[in-house]
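Here is a short report for a reader meeting this chain for the first time. Please look through the sequence and the model before reading on.

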Amino acid sequence: MKYLPQILKPMFGNLKDQNLKLKDIVTYMAVRSFQNSEDKYCYPKYSQIAKLSGMSVKMIKPSLQRLNDAGLIEIKEVQSSWCKRVYCFKYDRKYQGVSLKYLLNSSLTIQEKAFIYLLAEYAHDNVSCSLKDVSERAGINYTTCVKLFKSLKNQDLVTEAFDYD
C-alpha cells in the first residue's frame, strides 16, 4: 500500500460542538491516507482503516458515522465486487497539509496521535496559544490536554510553545 507523504487535514475546530471525539481525528487521517489522487475518493475496508489507525473495527464504525454526521466525510454505500463503501471528502472549510509520520508512529497512543494533529491547528503563524485556549477552542477537557501535552513533550514531539499551568 502506498501512503501519501502529506495529506490534507481539516481545521476541526470545536470537536464537542460537532459531536466528535478526539479519536475521530485519527480515523479521519487514516481514511484520508487512502485517497486516490486521480479521482479524490478512497475505498478502504473497515479492517484497513482499523489497522492503520490502531483502533478496532468496532471503534471505527461509530467514528466514521460521527465524521459523516459532522460533514467531514461523505460515505456512499456501493454495490461492487471490489468495495462496499466509497469515501468522499468535503472541502467546505480550511485545510492544512500534515505529515503522516504521527499516524504511522506505533509508539503513540490513539489519543496522542489525535492530539498532536489537533495541536497543528493552533501552532501555526507564530500565534501564541495556551493549552487552556486549545481546550476551549477544541472543546476538550483541559486536564486531558495537559496530560497529552506532557506525554508528547516527554517523547520530544512537542516543545514548550504552549503554556500550561
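This is a predicted model: local features need pLDDT of at least 70, side-chain atom pairs count only at pLDDT 80 or more; totals for chains, interfaces and linings use all residues.

Residues are numbered from 1 along each chain as its sequence is written, and side-chain values use heavy atoms, with hydrogens and water left out.

**Overall layout**

The chain has 6 helices and 7 strands. Helices (H or I, at least four residues) and strands (E, at least two) are DSSP runs, numbered from the N terminus. Their order from the N terminus is β-α-β-α-α-β-β-β-α-β-α-α-β. Of the 165 residues, 45% are buried. Buried means under 20% relative accessible area, exposed over 50%, and partly exposed in between (1.4 Å probe, protein chains only). A contact is a pair with heavy atoms within 4.5 Å. Among contacts with a separation of 6 or more, 61% join residues 24 or more positions apart.

Helix α2 spans residues 46-53. Its residues Y46, I49, A50, L52 and S53 are buried. The buried residues of α2 pack against α1 (23-32), α3 (57-69), β4 (85-89) and α4.

The largest nonpolar core holds 51 residues, and I25 and F115 touch the most other members. Such a core is a set of buried Ala, Val, Leu, Ile, Met, Phe, Trp, Tyr and Cys residues joined through side-chain atoms within 4.5 Å. At least two residues of this core come from each of α1, α2, α3, β4, α4, α5 (131-138) and α6. Helix α4 gives the most, with 7 residues. Leaving out residues up to four places away in sequence, I25 touches F12, L15, A114, Y117 and L118.

**Helices α4 and α6**

How do α4 and α6 cross? The axes of α4 (residues 110-119) and α6 (residues 142-154) come within 10 Å and cross at roughly 95°. That makes the two helices roughly perpendicular. Axes are lines fitted to C-alpha atoms, for helices over the stretch in contact, and angles run from 0 to 180 degrees between N-to-C directions. Angles under 35 degrees count as roughly parallel, over 145 as roughly antiparallel, 65 to 115 as roughly perpendicular and the rest as oblique.

From α4, Q111, E112, F115, I116 and L119 meet C145, L148, F149, S151 and L152 of α6.

**Some buried residues**

| Residue | Relative accessibility |
|---|---|
| C88 | 8% |
| C145 | 0% |
| S63 | 0% |
| Y122 | 9% |

S63 lies in helix α3. Apart from neighbours within four places in sequence, S63 is in contact with K23, D24 and T27. Y122 sits in the loop between α4 and β6 (129-130). Y122 and A138 are 16 residues apart in sequence and 9.7 Å apart in space, C-alpha to C-alpha.

**Cysteines**

How many disulfides are there? The count comes to 0, where a disulfide is a pair of cysteine sulfur atoms within 2.5 Å. For C88, the closest cysteine sulfur is in C42, 8.2 Å away, so the two are too far apart for a bond.
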